[in-house]
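Here are my notes on the model, point by point. Please read them with the structure open.

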Amino acid sequence: MPGIDKLPLEETLEDSPQTRSLLGVFEEDTAATSSYFSQLFKAMQRIYDAQNELSAATHLTSRLLKDYEKQRFPLGGDDEVMSSTLQQFAKVIDELSSCHAVLSTQLADAMMFPITQFQERDLREIVILKEVFQISSDDHDTAVNRYSRLSKRKENEKVKSEVMEDVYTSRKKQHETIMHYFASLNMLQYKKKIALLEPLLGYMQAQISFFKLGSENLTQQWEEFLTNIGTSVQKNILKKL
């Protein structure tokens with residue numbers, strides 16, 4: 001509904017059909033928001049899981065390269081040049097592994113934490129408040145129905161007084177719950193924008209930091225080393241052709 005950005009709290013006491021209709025629109029929007037964020041959460045969880053796996057695999061690769069010189073290959077013999085080269089590779093990859101570990105931590109803090117909070121706190125709160133509001137409305141309807149069935153005879157005055165008190169109490173409780181429910185639905189309209197942008201900003205900032213960290217660690221010395229190894233590999237390939 002264009003132009004409608006909040007539920008009118010001042011109209012909660014009347015509980016008019018128009019207000020209920022507008023509430024239905026907000027509840028429909030909340031359901032759509034919940035469905036969308038559920039999908040987004042799963043996508044970001046896949047990013048985070050993949051990064052953790054990459055970090056662990058990179059660390060394992062570095063460790064295996066360091067252990068190469070301890071291996072005994074029947075046909076390989078002792079190749080000091082290869083062992084030394086792999087130790088150099090292990091050092092480079094170990095630094096990369098540290099960068100990946102830092103990225104994993106940053107993704108957990110800056111991407112997964114805010115979207116998880118929105119899922120488990122803000123959206124969950126709406127679900128609970130809706131249930132409480134429905135219960136209070138049912139209680140109020142029950143009290144009103146009891147009152148409408150009362151006899152007008154004199155001997156029912158005491159019962160009538162008790163039922164009227166029940167109607168008043170249930171109506172007051174319903175009003176309190178609907179006020180809280182409306183306020184939370186209104187606030188959700190603003191929270192969902194923050195909840196969408198915050199993890200995206202966290203993701204991008206974490207990636208930028210990762211690339212900067214990698215650039216700082218992979219110095220000119222490492223670039224020259226990798227270039228020399230690449231040239232050596234190409235020469236050996238050409239010799240065998």
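Predicted model: local features only at pLDDT ≥ 70, side-chain atom pairs only at ≥ 80, totals over all residues.

1. Start with S104. Leaving aside its neighbours within four places in sequence, S104 is in contact with Y48, Q51, N52 and S55. S104 itself sits in helix α2, residues 80-148.

2. One of these partners also makes a polar contact: the side chains of S104 and N52 are joined at 3.1 Å. S104 has a relative accessible area of 7%. That is under 20%, so S104 counts as buried.

3. Next, the second largest pocket. It holds about 160 Å³ of space. Helices α1 (17-66) and α2 each supply at least two residues of its lining. The lining residues are E27, T30, A31, S34, L123, I126, V127, K130 and Y181. By class, five are nonpolar, two polar and two charged.

4. The structure holds six salt bridges. In one of them, K192 pairs with D29, with the closest N and O atoms 2.9 Å apart. This pair links distant parts of the chain: K192 lies in helix α3 (residues 157-217) and D29 in helix α1, 163 residues apart. K192 is buried at 18% relative accessibility, whereas D29 is partly exposed at 28%.

5. D122 forms a salt bridge with R121, the closest N and O atoms being 3.4 Å apart. D122 is buried, at 5% relative accessible area. R121 is partly exposed, at 47%. Elsewhere, salt bridges that share partners join R63, D67 and K70 into one network.

Key. Residues numbered from 1 in each chain as written. Heavy atoms only, no water. Helix = DSSP H or I, 4+ residues; strand = E, 2+ residues; numbered from the N terminus. Buried < 20%, exposed > 50% of the residue type's maximum accessible area, 1.4 Å probe, protein only. Polar contact = N/O pair within 3.5 Å; in protein donor to acceptor, adjacent residues only side chain to side chain. Contact = heavy atoms within 4.5 Å. 1 Å grid on protein atoms, 1.4 Å probe; cavity = no way out; pocket = protein on both sides within 12 Å on 5 of 7 lines; lining within 4 Å. Points joined across faces, edges and corners; volume = space filled by probe spheres on them. Nonpolar A, V, L, I, M, F, W, Y, C, P; charged D, E, K, R; others polar. Salt bridge = Lys/Arg side-chain N within 4 Å of Asp/Glu carboxyl O.
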